[in-house]
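Hi everyone, thanks for making time today. Please bring the model up on your screens, and I'll walk you through a few spots in it.

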Amino acid sequence: MSKKVVLITGASRGIGAATAKLFAQHGYDVCLNYKSNRQAAESLQREILSLGVKCVCVAADVADEAQVVSLFEAMDCSLGPISVLVNNAAILQPQARLKDMSAERVNQMFCTNVTSAFICAREAVKRMSTQMGGQGGVIVNVSSVAARTGSPNEYIDYAASKGALDTLTKGLAMEVAAEGIRVNSVRPGLIYTDMHRDGGEPNRVDRLASKLPMQRGGQASEVAEAIYWLASDKSSFATGNFIDLAGGL
Ligand code: NAD
């Protein structure tokens, strides 16, 4: 079996880190992208290397096109051609209502959560496309159930960014299907990660978990399993699809 390479954006913590570990456990070489938390990325890199696969960490702000191009070039040099891209990096800003949302805030949200996925997908498709000499591949976008709930009164900008990401998943899946590339998405609900601290409410999952049909929040590892399934040959006929991981929401 030829060696497989996965690139995970925003991989130094949370769902990205859990996903990186899972792919490494399945024998993938792993490119960990991080924006600024070098210490966490290097600590995860050591953990992954101990599993006997290759692992590099590359600093890049995925909202910056030039940095994304450099990120892919660094991965090409160190690990070889990409097999799987996980567009995981995203931000959640403190809760706000529309009247308090500046254009700057919304632009930053869309640049980080949507434009980054377009640019990373473009770089991945160039390398994966069977029509351009590649071996095919898989892109998994990490969206959110917020894309369908809309998150009124708190995070409508975040929800709208994930809605845009879902539309990218659908359109791109059809655009590149004939090039041997599948594009799918996971839509987590309430997952225990530090993102909620950035979003202004560290205990959000605990506050809302009891209202879910399953009466609990999810773990990053539970999202990672679905990402891995979508990237694997077990889902070989799935493209343009969404898996909601939200405890029944
Ligand atoms: P997280 O905040 O731990 O992870 C996001 C990662 O993206 C962080 O490591 C962050 O540094 C990185 N990042 C942010 N901006 C970046 C940039 N410009 N360049 C590179 N990296 C950048 O939170 P998480 O919960 O692990 O989130 C992972 C994904 O899951 C995100 O797409 C998020 O929207 C989605 N999600 C999370 C939840 C949840 O409840 N935690 C729910 C739905 C969807």
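Ser151 counts as buried, because it has 20 C-beta neighbours inside 10 Å. By buried I mean 20 or more other C-beta atoms within 10 Å of a residue's own, with exposed at 12 or fewer, partly exposed in between, and C-beta atoms placed from the backbone. This is a predicted model, so local features need pLDDT of at least 70 and side-chain atom pairs count only at pLDDT 80 or more, while totals for chains, interfaces and linings use all residues. Residues are numbered from 1 along each chain as its sequence is written.

Back to Ser151: you'll find it in the loop between helix H5 (146–149) and helix H6 (156–176). Helices here are DSSP runs of H or I with at least four residues, numbered from the N terminus. Ser151 isn't a glycine, yet its phi is positive, about 45°. Most residues other than glycine have a negative phi. Asn153 sits in the loop between H5 and H6 too, and its phi is also positive, near 70°. Is Asn153 buried or exposed? Asn153 is exposed, with 10 other C-beta atoms within 10 Å.

Now over to helix H1, residues 14–25. Nine of its twelve residues are buried, so H1 is largely enclosed by the rest of the structure. Among those buried are Ile15, Leu22 and Phe23. After H1 comes Gly27, with a positive phi near 95°.

Which residues of H9 does H1 meet? Gly14, Ile15, Ala18, Thr19, Leu22 and Phe23 of H1 meet Ala220, Ser221, Val223, Ala224, Glu225, Ile227 and Tyr228 of H9, where contact means backbone-placed C-beta atoms within 7 Å. By class, that contact has nine nonpolar residues, three polar and one charged. Nonpolar here is Ala, Val, Leu, Ile, Met, Phe, Trp, Tyr, Cys and Pro; charged is Asp, Glu, Lys and Arg; the others, Gly among them, are polar.

As for geometry, the axes of H1 and H9 (residues 220–231) come within 8 Å and cross at roughly 55°. The axes are lines fitted to C-alpha atoms over the stretch in contact, with angles from 0 to 180 degrees between N-to-C directions.

Methods: Helices (H or I, at least four residues) and strands (E, at least two) are DSSP runs, numbered from the N terminus. Two residues are in contact if their C-beta atoms, placed from the backbone, lie within 7 Å.
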